[in-house]
Amino acid sequence: MIFLDLFFQKLNNNGISYCVLRNYEELPLSTNGSDLDILIRENHLSLFNKALAESLIKANGAIVSVIESKICPRYCILGLGINPWGLMIDLHLNKIIYRSQTIIYEKAIWENAFIFNNICVLNQRTDKLVGLMKELLNNRTCSEKYYNSFVEEGLDKNFLYSIFKPTGKLSTADALMDCAQGKYNQAEIERLVKQLDRDFPNSWYSPFMKVKKFTRMLNKPGYTIAFLGTDGSGKSTLIDNIMPVLNETFHNAVYYKHLRPGWLPPLSHLSGREQKQAGPVINPHASQPSGFIGSLMRWVYYFVDYLLGYYVKIFPKKSTKACAFIFDRYFYDLYIDKRRARINLPGWIIRLGQALIPEPDIILCLGADPLSTHNRKPELPLLEIDRQITALKKFCSRHKRAVWIDTGKSIEDSSRDALKEITKMMAIRFKYLKLH
């Protein structure tokens with residue numbers, strides 16, 4: 001990745017004290033699908049931010065989400081170009097803190113650092129200790145991989161005492177010394193969690209730290225992205241192509257939704273006709289629309305899911321967590337393609353809901369010429385595809401959050417166009433952040 005190479009050159013050339021804490025084996029070429037955990041001296045923060053900003057400009061990248069913190073700020077980055085890329089940076093300042101308590105002090109970090117590919121990194125045994133502690137403290141469990149990796153690298157009493165003596169938690173070191181290869185089981189994990197709960201309890205003010213999450217609502221770190229388009233417009237292919245990049249940007253916090261939030265179950269479940277769809281819909285207009293009363297009930301059901309389902313399933317994460325919700329179709333499909341939704345109502349009734357439901361941050365309207373679209377998926381008549389594309393273009397021209405993506409191009413070009421519009425939208429929200 002060009003950005004990583006530029007970034008570490010900047011850190012080195014500007015004399016910034018830093019240490020990559022984990023997953024450095026493929027740096028500076030790649031983070032191997034992981035986020036970048038890095039520790040710096042707090043008095044080097046402005047230099048670090050300047051190096052980050054200058055590297056992003058040269059690598060055609062942008063900060064698209066930020067979790068601000070005095071302990072561990074987090075940056076989500078999305079980069080464009082021939083090969084789009086994403087990265088999340090967890091920035092530790094001076095020390096490693098979990099549960100609002102210091103786990104490892106700065107001095108211990110520098111004592112266990114070394115140079116790898118001209119990058120300052122943490123040695124293996126400290127790396128494995130950090131990984132184990134992070135899992136146990138944050139998740140109250142850990143996988144066998146983390147446990148055994150620590151046992152293989154970190155079972156050294158002098159080393160553990162040098163780490164935990166400054167924190168006054170030698171009992172943690174003793175508890176870790178009791179770990180052994182092949183001993184991993186639920187009882188063993190519970191033993192470690194219990195000891196860590198005693199040594200690193202949640203501070204009395206920790207619950208109140210959650211109040212800080214509410215301040216993020218002014219600049220929400222999460223996003224909703226809706227993809228609209230007729231059958232054959234390339235929605236599924238495009239979503240599949242950009243999801244890996246977005247998952248790198250938000251470190252696997254990308255959630256896929258079909259049509260609606262899904263707080264309410266499918267209508268077929270309520271009627272006892274549970275439908276299992278294997279593969280694409282072959283005939284989306286096979287079922288006849290409901291009558292006026294049935295259509296109105298169906299519309300109200302969907303409206304409630306969009307309104308209340310959003311605040312139950314989408315809003316809590318979007319407002320406090322760096323994430324993205326991908327919608328394959330959205331409420332607007334209820335009037336662009338009423339027949340698919342089996343709704344037969346006047347357009348003004350259906351559009352009434354649009355003024356009340358939470359709208360996506362960006363709406364990507366996908367389309368190509370009707371004939372090529374029909375050739376891709378001939379499930380609908382050519383005239384119906386032409387009608388839907390015309391209606392979608394009209395919708396796109398009138399909605400301020402909608403942009404048109406030409407899917408008559410190659411999938412690579414269409415994906416780059418989509419990511420360019422997504423990046424532009426996301427970066428605006430955090431342009432207040434001055435890194436220089």
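1. A418 is buried in this predicted model, because its relative accessible area is 0%, and a residue counts as buried when that value is under 20%. A418 sits in helix 19, which covers residues 411-429. Apart from residues up to four places away in sequence, A418 touches L238, L364 and I405. Between A418 and D406, 12 residues apart in sequence, the C-alpha to C-alpha distance is 9.3 Å.

2. Some overall figures give the setting. The protein has 19 helices and 14 strands. Of its 436 residues, 50% count as buried. Along the principal axes, the C-alpha atoms fill a box of roughly 75 × 50 × 40 Å. Taking contacts between residues at least 6 apart in sequence, 73% of them join residues at least 24 apart.

3. Which residue does the side chain of K318 meet in a polar contact? The partner is the side chain of D361, at 3.1 Å. K318 belongs to helix 13, residues 292-320, and counts as buried at 3% relative accessibility. D361 is in the loop between helix 16 and strand 13, and is also buried, with a relative accessible area of 14%. A polar atom of the D361 side chain also lies 2.8 Å from the backbone nitrogen of T224.

4. K318 is in contact with K220, P221, G222, Y223, T224, Y310, C323, F325 and D361. D361 is in contact with G222, Y223, T224, K318, R401, M425 and R429.

5. P360 is in the loop between helix 16 (347-352) and strand 13 (362-367). P360 is buried, at a relative accessible area of 1%. Not counting residues up to four places away in sequence, P360 touches T224, A226, Y330, Y332 and R401. From P360 to D197, 163 residues apart along the chain, the C-alpha atoms are separated by 41 Å.

6. Helix 6 (residues 157-164) has F159, L160, I163 and F164 among its residues, and these four are buried. Why do they count as being on the same side of helix 6? They do so because they cover an arc of only 115° around the axis. In general, an α-helix has 3.6 residues a turn, so residues three or four places apart point the same way. The cover over the buried residues of helix 6 includes strand 7 (101-104), helix 3 (106-111), helix 4 (124-139), helix 5 (144-154) and helix 7. At the start of helix 6, a side-chain oxygen of D156 comes to within 3.2 Å of the backbone nitrogen of N158.

7. In helix 5, the buried residues are Y147, N148, S149, F150, V151 and G154. They pack against helix 4, helix 6, helix 7 and helix 8.

8. Helix 7 (residues 170-177) packs with helix 8 (residues 186-199) at an angle of about 175°, and their axes are 10 Å apart. Helix 7 is therefore roughly antiparallel to helix 8. On the side of helix 7 the contact is made by S171, T172, A175 and L176, and on the side of helix 8 by R191, L192, Q195, L196 and D199. By class, this contact has 4 nonpolar, 3 polar and 2 charged residues.

9. A few backbone features deserve a check by eye. Most residues other than glycine have a negative phi, and most peptide bonds are trans. The bond joining L27 and P28 is a cis peptide bond, with omega of about 5°. P28 is in the loop between strand 1 (18-20) and strand 2 (36-40).

10. N94 is not a glycine, yet has a positive phi of about 75°. N94 is in the loop between strand 5 (85-93) and strand 6 (96-98), and is partly exposed, with a relative accessible area of 22%. H251, not a glycine either, has a positive phi of about 50°. H251 is in the loop between helix 11 (235-249) and strand 11 (254-258), and counts as partly exposed at 31% relative accessibility.

Notes
Residues are numbered from 1 along each chain as its sequence is written. This is a predicted model: local features need pLDDT of at least 70, side-chain atom pairs count only at pLDDT 80 or more; totals for chains, interfaces and linings use all residues. Side-chain values use heavy atoms; hydrogens and water are left out. Axes are lines fitted to C-alpha atoms, for helices over the stretch in contact, and angles run from 0 to 180 degrees between N-to-C directions. Helices (H or I, at least four residues) and strands (E, at least two) are DSSP runs, numbered from the N terminus. Angles under 35 degrees count as roughly parallel, over 145 as roughly antiparallel, 65 to 115 as roughly perpendicular and the rest as oblique. Contact means heavy atoms within 4.5 Å. Ala, Val, Leu, Ile, Met, Phe, Trp, Tyr, Cys and Pro count as nonpolar, Asp, Glu, Lys and Arg as charged, and the others, Gly among them, as polar. Buried means under 20% relative accessible area, exposed over 50%, partly exposed in between (1.4 Å probe, protein chains only). The arc is that of the directions from the helix axis to the C-beta atoms. A polar contact is a pair of N or O atoms within 3.5 Å; within protein, one must be able to donate a hydrogen and the other to accept it, and residues adjacent in sequence count only if both atoms are side-chain atoms.
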